[in-house]
Amino acid sequence: MTFRLYGFWRSIASFRVRVALRLKNLAFEEISVDILSGGQFSPEYDRVNTAHAVPTLVHKGHSLFQSLAIMEYLDDIHPEPALLPEDPLSRAHARALALIAVADSHPLIAPRVRNHLAATFDADTNACNAWGQYWSLEGLAAYERNLLRQRPAPFAAGPTLTVADICIAGQIVMAGYFKADMTLFPIVAELGERCFALPAFADSLPARS
Ligand SMILES: N[C@@H](CCC(=O)N[C@@H](CS)C(=O)NCC(=O)O)C(=O)O
């Protein structure tokens, strides 16, 4: 097996990489790192990824981390089907949409953040859930506003599926953890239905991992 993916079934960042691998029809072995019980801090995993987060993709002896960087690496070495549009403006737009989840919303709900809220600010389970729900809905709202201005045609960044769609789909999965009402985000929801109709997305859902 050429690709070894260190991930976790519930991890949205791992979901993104699983989808990219499957869209490109690349077989991979997934090794579970239980980030809820501290597996990301084990000495074994530290040797794989000093950032102590999943996913990590090991390929040809190299450890790659950060889901967006991994998806772009896969695109570089296996260009078909492309996960970024060709023209520079559309590429920047696809990356920008991807980063709403990757850089703005998702980092705020990672276990390390919830654990810090609990340990340092006495946030109980309800408070941590309210925090997670707030930031996941903020991410969906940002996507809905963006897609209202530039409607999916039929995908988020144009005619072909890109990293933007993968990240938006991940945001939908994450919002599901907080029981988000998707009727508030109709354009995002419709795009999600288009994505999850594809096996690469459906097979990468947490329930199937
Ligand atoms: N920006 C990173 C996020 C990585 C990340 O935070 N992963 C989460 C799981 S989705 C994690 O491993 N968290 C461990 C922790 O918070 O302790 C990416 O996109 O790969």
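Let's start at the ligand: 17 residues sit around it, and Gln40, Val54, Gln66, Ser67 and Arg112 come nearest. Keep in mind that this is a predicted model.

| Residue | Protein side of the pair | Ligand atom | Distance |
|---|---|---|---|
| Arg16 | N or O atom in the side chain | oxygen | 3.0 Å |
| Val54 | backbone N or O atom | nitrogen | 2.7 Å |
| Arg112 | polar backbone atom | oxygen | 2.7 Å |

So much for the ligand; now for the helices.

Take helix H4 (residues 88-105) and helix H6 (residues 125-149): their axes come within 10 Å and cross at roughly 160°. Angles over 145 degrees count as roughly antiparallel, so that is how H4 runs relative to H6. The crossing of H4 past H6 is right-handed. On the H4 side, the residues that meet H6 are Leu97, Ala98, Ile100, Ala101 and Ser105, and their partners in H6 are Trp135, Ser136, Gly139, Ala142, Tyr143 and Asn146. Sorted by class, this contact has seven nonpolar residues, four polar ones and no charged ones.

Next up are helix H7 (residues 163-177) and helix H8 (residues 186-196), with axes that come within 10 Å and cross at roughly 105°. Because of that angle, H7 is roughly perpendicular to H8. Here H7 brings Asp165, Ile168, Ala169, Ile172 and Val173, while H8 meets them with Val188, Leu191, Gly192, Cys195 and Phe196. The class count for H7 with H8 is eight nonpolar, one polar and one charged.

Terms used: Residues are numbered from 1 along each chain as its sequence is written. This is a predicted model: local features need pLDDT of at least 70, side-chain atom pairs count only at pLDDT 80 or more; totals for chains, interfaces and linings use all residues. Side-chain values use heavy atoms; hydrogens and water are left out. Axes are lines fitted to C-alpha atoms, for helices over the stretch in contact, and angles run from 0 to 180 degrees between N-to-C directions. Helices (H or I, at least four residues) and strands (E, at least two) are DSSP runs, numbered from the N terminus. Angles under 35 degrees count as roughly parallel, over 145 as roughly antiparallel, 65 to 115 as roughly perpendicular and the rest as oblique. A crossing is left-handed if the near helix is turned anticlockwise from the far one by less than a right angle, and right-handed if clockwise. Contact means heavy atoms within 4.5 Å. Ala, Val, Leu, Ile, Met, Phe, Trp, Tyr, Cys and Pro count as nonpolar, Asp, Glu, Lys and Arg as charged, and the others, Gly among them, as polar. A residue is near a molecule or strand if one of its heavy atoms lies within 4 Å of it. A polar contact is a pair of N or O atoms within 3.5 Å; within protein, one must be able to donate a hydrogen and the other to accept it, and residues adjacent in sequence count only if both atoms are side-chain atoms.
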